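Hello,

Here is the structure I promised to pass on.

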Amino acid sequence: MDKNIGFTPGPWGIGGSVIYKENQPLLVVLHNPAPLWTGNKTPRDVDYLAPSLGEADANARLIAAAPELLDALCELVIATPNDGPVVKKAQVAIAKAAGRT
């Protein structure tokens with residue numbers, strides 16, 4: 001199973017709502033009202049702003065964990081000898097992360 005699907009390799013760090021890779025900001029997950037910026041790019045339109053700082057921080061933690069979660073999920077699928085509903089659900093999630101859905 002190919003775990004190299006084009007994203008910035010982990011691990012990613014977290015500081016509040018800021019996601020880092022090697023001390024460089026990758027993404028800021030903000031709450032309403034706030035501008036959104038990624039790295040050193042300019043503010044842009046967004047589809048979603050978390051309604052609270054707590055939710056923005058929780059979203060950032062989940063995003064920051066994504067590389068390790070994907071890696072662990074791929075390893076579990078490889079190590080699981082059956083093709084049951086849980087494995088199928090994991091394969092769908094992996095395909096979604098890879099942009100194959």
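Below is what turned up in the model.

This is a predicted model, in which local features need pLDDT of at least 70, side-chain atom pairs count only at pLDDT 80 or more, and totals for chains, interfaces and linings use all residues. Residues are numbered from 1 along each chain as its sequence is written, and side-chain values use heavy atoms, leaving out hydrogens and water.

The chain has two helices and three strands, in the order β-β-β-α-α from the N terminus. Helices (H or I, at least four residues) and strands (E, at least two) are DSSP runs, numbered from the N terminus. Of its 101 residues, 23% are buried (under 20% relative accessible area; exposed is over 50%, partly exposed in between, with a 1.4 Å probe and protein chains only).

The whole structure holds one salt bridge (a side-chain nitrogen of Lys or Arg within 4 Å of a carboxyl oxygen of Asp or Glu). K88 and D83 form it, at 3.3 Å from N to O. Both partners are partly exposed: K88 has a relative accessible area of 42% and D83 one of 47%.

The largest share, five residues, comes from α1.

Best wishes
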